[in-house]
Amino acid sequence: MKFKAFLTENGVNLLEKRFLPVLDKMGKVCHLFLTREKAYFLPNLLSGEGIQCVAQFHKETLFGDYRISSQIEDCIAFAIDISLLQPGSAANCLQIKLVKKLPPNCTQAMPFLTFETKGYKSAVIQDVPISKPLSRAQVLELQTALDMAQDLPPTLVQVPDLNQLQNFVDWMKHVGDLVNVSICKYRDLHLQISTTLITLGAEFRKLLVIGEKAVAPSEDRNLSAQTRSERAISRGDAQSVQVSVKHFSKSLQCHLAKLDCAFYGIAPQVACLTVIFQFFIPGKRQPDKSILGQAQIALTAASSLFIRQFPNSMALWNVFYAYAMCWVQLN
């Protein structure tokens, strides 16, 4: 089992300034999965709880010279503490390789991911401890989980301004712990959080949709958001799931990776709430297929089909609404 590569300056910048800070927020430990053509960072992918993330890079995006070999179809996977990677990626030219070393006061060699920076008269070496490389069966389990995570939802709606969505979710944190998220074929995203005293909701309309679409019935146009939602559910034109406000808010931290847009959808068989992060080629409005970011938010309750319609209003957050209903019981 061998792995050796050189991180390019672009690769160092991508990891240090954009992706590693985000991945560190998703979970302390993640799996690094290396194949012949791609490198994957996979926080929480096997846990089935919280937020499972996928950060995928073509090898040319990060590395200038990339060599890998193993008896598992040239695949290597291991767990690593993300926070330990950040200091090691601070240099402009890095050699990275998989090694076994004998730590101080130990009698057995341990695996490390070694970063080496060579200067004119000196070299700086950083050994990052990793788990024992995964077995063939464990790599197969990881690959299966990765394949399932990459099943696209039937309907994806784009929310281009994650900062504004983050502001609303910050309000929600003071109301309750669970939020209902609804995705609609009529180009609608709806958030609602309820307690015995208050209901707070936001609706985003006329969004860009990828996948299955539908035309909203004209008779729903002047109805309230909640009524439209209920009618849409009964028609089976949308899906609604319940997730943790904390986890939903954490998924929005991915904007720190300087993504260009994000799409929300509900995975097939209502397995989870999926977020797809899209990156454009610098200077162009074309997707950069060499980088893929994705997050899956575990559900806290059974999902039900739900759909709503979009009125012909202004764009996105100009159609934002928030409503609160409070009942005070007097003695």
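Predicted model: local features only at pLDDT ≥ 70, side-chain atom pairs only at ≥ 80, totals over all residues.
1. **Largest pocket: size and lining.** Start with the open space. The largest pocket holds about 310 Å³. Its lining is made up of 15 residues. M148, A149, A271, C272 and Q296 are the ones that lie nearest the centre. By class, the lining of this pocket splits into 10 nonpolar residues, four polar and one charged.

2. **Largest pocket: where the lining comes from.** Which helix gives the most to this lining? Helix α4, residues 136-149, does, with three residues. Both domains take part: domain 1 (2-149) and domain 2 (155-300) each supply at least three residues to the lining of the largest pocket.

3. **Second largest pocket: size and lining.**

4. **Second largest pocket: where the lining comes from.** Helix α1 (residues 9-26) is the element that gives the most here, with four residues. At least three lining residues of the second largest pocket come from domain 1 (2-149), and at least three from domain 2 (155-300).

5. **Salt bridges: the count and the E203 network.** How many salt bridges are there? The count comes to 11. Three residues, E203, R205 and R228, are linked in a network. In one link, the side chains of R205 and E203 meet with N to O at 2.5 Å. Both of these residues are buried. In another link, E203 meets R228, with N to O at 2.6 Å. E203 sits in strand β13 (residues 199-204) and R228 in helix α6 (residues 225-235), so this pair ties together parts that are 25 residues apart in sequence.

6. Are E203 and R228 buried or exposed? The cut-off for buried is under 20% relative accessible area. E203 counts as buried because its relative accessibility is 0%. R228 also counts as buried, because its value is 2%.

7. **A further bridge to helix α6.** D220 forms a salt bridge with R231, and the closest N and O atoms are 2.7 Å apart. D220 belongs to the loop between β14 (209-211) and α6, while R231 lies in helix α6, so the pair ties together parts that are 11 residues apart in sequence. D220 counts as buried, because its relative accessibility is 1%. R231 counts as partly exposed, because its relative accessibility is 33%.

8. **Strand pairing around β7.** Strand β7 (residues 94-101) runs antiparallel to strand β1 (residues 2-7), and four bridges join them. A5 stands opposite I96 in β7. Strand β7 is also joined to strand β8 (residues 110-118), by seven bridges, and these two run antiparallel. There, V99 has F112 in β8 as its bridge partner.

9. **V179.** This residue has its place in strand β11 (residues 178-184). V179 is buried, because its relative accessible area is 2% and the cut-off is under 20%. Which separations hold between V179 and S194? They are 15 residues apart in sequence, and their C-alpha atoms are 7.8 Å apart in space.

10. **K289.** Where is K289 found? In the loop between β17 (273-278) and β18 (291-297). K289 counts as exposed, because its relative accessibility is 72% and exposed means over 50%. K289 and H58 are 231 residues apart along the chain. Their C-alpha atoms are separated by 8.5 Å.

Definitions and conventions. Residues numbered from 1 in each chain as written. Heavy atoms only, no water. Buried < 20%, exposed > 50% of the residue type's maximum accessible area, 1.4 Å probe, protein only. 1 Å grid on protein atoms, 1.4 Å probe; cavity = no way out; pocket = protein on both sides within 12 Å on 5 of 7 lines; lining within 4 Å. Points joined across faces, edges and corners; volume = space filled by probe spheres on them. Nonpolar A, V, L, I, M, F, W, Y, C, P; charged D, E, K, R; others polar. Domains from an automatic or database assignment. Salt bridge = Lys/Arg side-chain N within 4 Å of Asp/Glu carboxyl O. Pairing = 2+ DSSP bridges.
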